[in-house]
Structure formats: C-alpha cells, structure tokens
Amino acid sequence: MGADLTTVVVNWNTVGLLDDCLASIVAATPDGMVNDIVLVDNASSDGSADHVAAQWPQVRVIRSATNEGFCRANNRAIRDSDSEFVLLVNTDARLQPGGIAALLQPFAADPQVAVVGPRLVYADRTFQRWTAGRIPTLTSMSAWLLGWDRLCGNTIRGVYLHRDDIAPVDVDWVSSAVMALRRSALDDIGLLDERIFVYMDDVDLCHRATRAGWRVRYAADTTAVHFMGASSRATAGGAAPQALRSLNRWFRRERGRTAYRALVGLEVAGFGLRALAHATRAATRDPEARAQALRRSRNHLVHLRHAMEPLDA
C-alpha cells in the first residue's frame, strides 16, 4: 500500500531533538493515514541515525556519507518516495495535534495550491515574523532593513510578515521549518535548489512556484513550534551569518550584480543604524537593559561585517 504522505526530517547532530520531533509527527498523523516518515541523516557524529533506527522502527533512515546540506538531503528522500504530498519538518520544529490535517486541507480546497506553511511560534508561544513573507526585492528589503515596515504598519510591507495574522492568506513564501508540498507542483517546477546548502531554499522554491502560476498558502489558523537554528548553532555560534550569506548569494543570482550591490548598501545602512540605536540605548542606568542593548548592538555590527564580505562565485 502506497503512502498518503511522506514526512521528511533532515538531521545533522541534533540527537537530543529527534524524539520529541518524531513523536509530534506521529501524534499529528490522522487516523487511517499512511505517513512514510523518513529521516535523512547528514553524516552526524552524535549517534543520531543509530538512535532513530533503534528507537523508531516505523521511521525510514537514509544515511548520507557526508553532510550534503538541507536541500540535497530533502531531495534524496523526496526522490525515494511517491506520495501525493510531502511534508518537510525541521528537527527543531514540533507539530501540534491536528497539524497535518490542517496543512493538507488547502490542497484539497484548491488544486493550484503548491505549498502550505503554518504559523510558527517560539517555545514560549510568541510569534515568529519569519514564518512567511514577501519575495526579497530592493523595496521589500529596504522596508525591513530600515524599519519602515514596523513604523508604517499596513502601508509598507517588508520581506517578513509585519503582523500576526490569524486568517489564512496567500503569500510569496513560507518557511521550510514546516512546509507541506504538492508533488505534482514539484514535478512541474523542480525540487529544492541543490546549489543552496541551507537557508533561502524556501524562498527560492516558493518563488519558482508562484512564477509558474501555483499558489503559496500561509495557514495562519494552525500553529507549529520552531526553536530555530539548532544544528547551525551547534558549531557555528549562530545561524545569522549563514542566513545572510545565503540571502545575498540568492539575491545576486536572481536580481543581478547591480541590484546586489545596492542591497549590500542597504544592509550596511540598516545594520549600522540598528547598532548605533542599541548602543545609544545602552546609556540607560538599568544594568540588565544596558547589557541587552550592547549585545544587540554587537550582533548588528557582526551582521554589518558579514554583509560586506565578498561572496564566492
């Protein structure tokens, strides 16, 4: 009997997250649904693959000889399956009861829906703006980098959601932390771009889908928890530098070198102004607030430095 759904979890040295992640997937699978759960292990050194093979016999484990990155690993599992729908779930994400049914409902409602993503929240249930948003252009990036999207409300929209909407809506992209896909759409537009190691995979895939006439749906009426960046932080000290490099590389490829140089200028201005603003706030007499402001100022200076780094070809 073929599977109704293939759920793909890509893992790299996050053994401590896997049990809760897989348990949430199993619990969210509707009664009677055949869910082919596949773990693709990117040559972890923490015993992840062996742990899942021993403790989760219902999960298929695919072992990569090297760390192939997010896109190649997901594509490996997608190619090794034939279900009508595919669900990507990060190891640092947790589905909620009823979450899978809610994510698949938009596909049944509209055959032109190619991608569906839920509302994402942190562990404390606060909303993540980077759940979904607009395709990066100089306009949307300047709105985000210079803060116009926050200052102007609905009148100017940045690259991320400007508010916590509660109604489902079409968007340009949704996060691949939890992302449901229609296989016939993948057959039409192709799989994840394997030139991308990690980050921007979701923006790129959704952009190709909407250009081809498909729809991307933000299912704001269902929620998943996303801790963010667990495997990246394990060795890199934070996901932001990798994310910024991936954004800039994608932007240069899609928009051209002239637009890319303009984007770097916006990044330098935006991160520089944010660093200055937080440094100014550090003059407060409250030690805790001062320390927090200084940390944020230093973080933005790090972003500024990475923005000016030359990209590889």
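**Figure 1. Surroundings of V113 in the predicted model.** In this predicted model, V113 touches P106, F107, R182, W214, R215 and R217, when residues up to four places away in sequence are not counted. V113 is part of strand β6, which covers residues 113-121. Buried means under 20% relative accessible area. V113 has a relative accessibility of 2% and therefore counts as buried. One of the contacts of V113 is R215; V113 and R215 are separated by 102 residues in sequence, yet their C-alpha atoms are 4.5 Å apart.

**Figure 2. Contacts of L181.** With neighbours within four places in sequence left aside, L181 is in contact with E84, F85, V86, L88, F107, A114, V115, L186 and L205. Among these, F107 is also touched by V113. L181 is one of the residues with the most contacts inside the largest nonpolar core.

**Figure 3. The nonpolar cores.** The largest nonpolar core has 51 residues. Those with the most contacts inside this core are V40, V115, M141, V174, M179, L181 and Y218. Helix α3 gives the most to this core, contributing 5 residues. Another core, of 29 residues, lies apart from the largest one and includes I37, F85, V89 and A219. In soluble globular proteins, nonpolar side chains tend to be buried together.

**Figure 4. Helix α3 and its cover.** The buried residues are G69, F70, C71, A73, N74, N75, A77 and I78. Which elements cover them? The cover includes strands β1 (5-11), β2 (35-41), β3 (60-63) and β4 (85-89), and also helices α7 (183-189) and α8 (201-211).

**Figure 5. The whole chain, for orientation.** The protein chain contains 12 helices and 11 strands. Its C-alpha trace spans about 65 × 40 × 40 Å along the principal axes. The radius of gyration is 20 Å, which agrees with the value near 20 Å for a compact globule of 313 residues. Buried residues make up 50% of the 313 residues. Of the contacts with a separation of 6 or more, 75% join residues 24 or more positions apart. The accessible surface of the chain comes to about 14400 Å², and carbon and sulfur atoms account for 54% of this surface. The chain carries 36 positive and 34 negative charges, whose mean positions are 10 Å apart.

Terms used
Residues are numbered from 1 along each chain as its sequence is written. This is a predicted model: local features need pLDDT of at least 70, side-chain atom pairs count only at pLDDT 80 or more; totals for chains, interfaces and linings use all residues. Side-chain values use heavy atoms; hydrogens and water are left out. Buried means under 20% relative accessible area, exposed over 50%, partly exposed in between (1.4 Å probe, protein chains only). Helices (H or I, at least four residues) and strands (E, at least two) are DSSP runs, numbered from the N terminus. Contact means heavy atoms within 4.5 Å. The radius of gyration is taken over C-alpha atoms; the globule rule is 2.2 Å times the number of residues to the power 0.38. Accessible areas come from the Shrake-Rupley method with a 1.4 Å probe; for residues, only the protein chains shown count as cover. Lys and Arg count as positive and Asp and Glu as negative; His and the chain ends are not counted. The place of a charge is taken as NZ of Lys, CZ of Arg, CG of Asp or CD of Glu. A nonpolar core is a set of buried Ala, Val, Leu, Ile, Met, Phe, Trp, Tyr and Cys residues joined through side-chain atoms within 4.5 Å.
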